[in-house]
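Subject: Structure handover

Hello,

Here is the structure I promised to pass on. Please open it next to this message and follow along.

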Amino acid sequence: MTFGHSDVAAILLERWDSMRSSGTDLTTADAEFRRFLTVDALRELEAMGTPLAVDDHFEVFVHLVHRCFALDRRRDAMALTDWLVAHFSGHGEVGPDAVEFAAMAYGELHRDPGLRVRSEQSMTGLVGIAERGRGVRFEFAALFTLVQLAQLLATVLREGVDPRERSDGMRQGVKACDRVIRRWDPHFPLVERLRILVSTALLVKAKFLLADSDTTAVRSAYSKVVGLFDKTGDLEDPAAAEVLLFRARHGLDILDSVRFPEPAFKTEYLEETRAANRRRAGGELRRRLLAALPRSIFKDRTRELTRLARRLHERTGTQIRAHALMGAPIVLLLRNFDLFEWSTTDASPVVGESDVAHAQVIRAVAGQGLISSLCSRAFVTHVASTSAAMLELDANSGMLGAPKLRYPLYLPDDSWQEQVRKLIELCEHIVVWADKKTPGLTGELDLIRSLGREADTTVLLEEPADGSNYIALYGEPPPEIPVLAPEDPSLRGFPNVFMARNTGSADNDADSFLDSVLYPVGEVLALDDHSRVVRMRNRLDEMRRR
């Protein structure tokens, strides 16, 4: 009977389990199995007259690692990979292959949070091992490992990473990429494989640069990838080249098309607030209490808040570009601007005080918890109001009655429709949150329909406000605006419509609302990186043909 490498690996794994179950402790059993695998078994085979060739021995190790991955024995896969590196990396015959295999294994093991630090350390050490080898194949293996290390370090770009760890990982990642990029030489003996490596390093470097908002350098990286494949003739791996070119060209298109104009803020409320505070500080109040008042009450906050809002706008634009470049899912939130907050600078005839010419009204709405939950579980960007009392920065910090919306875009009136269309094209799913059929919201619904995105839209409807706050301020009902109800003709063709009052925490409708948004987002996240970019690219191309 003839046994293949996979059969031998299965038998060896059974032996390892047996040694563990009969041994005194796991550490001793693992050490004994490692000795058997690398020394004793070879001696036994040689004594039998059937010595095991180095490349066959290496293949047995490879199958053992694969089998551990298949059985979700990741710590065992980690140990075997470490043993493989120690035993084979010095062999000129299989050493380069051992280094490249180990680099891929460590990259996969890095997905396990419990093995993340160890796999990074092992990968870093692997680079040094490869660099000590001699010959072109070892040099290439070292470059291959550097690319794998850079891809591994790119995980620091995920949300929630400590800023210091993120900065350190970005610095090391860019450094690893640059070492590969600088090695480009059209006369390198393995030039076609090197071309693929250098292009990959450029794309990984672009990830780090984008996180640092250096779009000029990102564009340069993408352009260099395109240039590397220009007039190259026959390629050793045309499929890999096609993927890299696709990513680079997609990246250049996103950088050209996904730009958002500077906000044009309407700061009448902020200016009136400061003016009113100055008026109140006059006369007797000024004489008696000026020393006790915080000096910030007289500070002009307009510049401070607009600067902060502009930074948030720019950060959101950077995040949207990053998601679009990687094909990561974006959720777009469109809503009535006065849904949970409205403000005015008109003097109130009811209040009747000469120095009261501004008011901000906060409203608690039923859907607040659902939207907040959604924002904590997906990347949600929203079109923010440029004329809100505090430019919605109080909502961003958790204003009572408002969801915590983290990624605002402040779109100017003169290009609003063009920019909203761009966002609808980019996003994986759209949430419309409304209570009234305002002209702005109607225009957004028309845009969604014109682009054929009704099935990718979830509508959350609120009960309209009773107008009591407006009456209290102005002594008359607010201007009449049609209510947006589930049966409204403007919602015809939208399959996912929910009433916020029916989505309490104990109600199944809450889960249905969230599932309608998060399920398609989850489907995209389950795809591999390239498939996500292809999906994004196909949608953009289709939308632009409409």
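Residues are numbered from 1 along each chain as its sequence is written, and side-chain values use heavy atoms, with hydrogens and water left out.

The pLDDT is the predictor's confidence in each residue, from 0 to 100. The protein averages 85, and 83% of the residues score at least 70. Among the elements, β6 has the highest mean pLDDT, 97. Helix α13 (residues 283–289) has the lowest, 51. Where pLDDT is low, the predicted coordinates should not be read in detail.

Helices (H or I, at least four residues) and strands (E, at least two) are DSSP runs, numbered from the N terminus.

**The sheet**

Six strands form an open sheet. Their order is β5-β4-β1-β6-β7-β8, and the pairing is parallel. Two strands pair if DSSP finds at least two bridges between them. The edges are β5 (407–409) and β8 (496–499). Each has a single partner strand, so one side of each is left without a neighbour in the sheet. Neighbouring strands are turned by 25° against each other on average, direction ignored. Axes here are lines fitted to C-alpha atoms, for helices over the stretch in contact, and angles run from 0 to 180 degrees between N-to-C directions.

Strand β4 (residues 380–383) pairs with β5 over three parallel bridges. Histidine 382 has proline 408 in β5 as its bridge partner. Helix α14 (residues 302–326) lies across β4 and β5, at about 105° to β5. Helix α18 (residues 439–450) also packs on the sheet. It touches β1 (331–335), β6 (429–434) and β7 (457–461), and its direction makes about 155° with that of β6. Contact means heavy atoms within 4.5 Å.

Now look at β7. Five bridges join it to β6, and the two run parallel. Valine 431 stands opposite threonine 458 in β7. Is β7 buried or exposed? Five of its five residues are buried, so it is largely enclosed by the rest of the structure. Buried means under 20% relative accessible area, exposed over 50%, and partly exposed in between (1.4 Å probe, protein chains only). Both faces are covered: Thr457, Val459 and Leu461 on one side, Thr458 and Leu460 on the other.

**Helix pairs**

Two packed helices are described by the angle between their axes and the distance between the axes. The axes of α5 (residues 95–109) and α7 (residues 136–153) come within 9 Å and cross at roughly 5°. They are therefore roughly parallel (angles under 35 degrees; over 145 is roughly antiparallel, 65 to 115 roughly perpendicular, the rest oblique). The contact includes Val99 and Met104 in α5 and Phe140 and Leu152 in α7.

The axes of α14 and α21 (residues 529–544) come within 7 Å and cross at roughly 110°. This pair is therefore roughly perpendicular. Here His323, Ala324, Leu325 and Met326 in α14 meet Asp529, Arg532, Val533 and Met536 in α21.

**Single residues**

Aspartate 72 lies in the loop between α3 (54–70) and α4 (74–88). Its phi is positive, about 60°, although it is not a glycine. At 57% relative accessibility, aspartate 72 counts as exposed. Alanine 79 is in helix α4 and, at 15%, counts as buried.

Best wishes

Key: Predicted model: local features only at pLDDT ≥ 70, side-chain atom pairs only at ≥ 80, totals over all residues.
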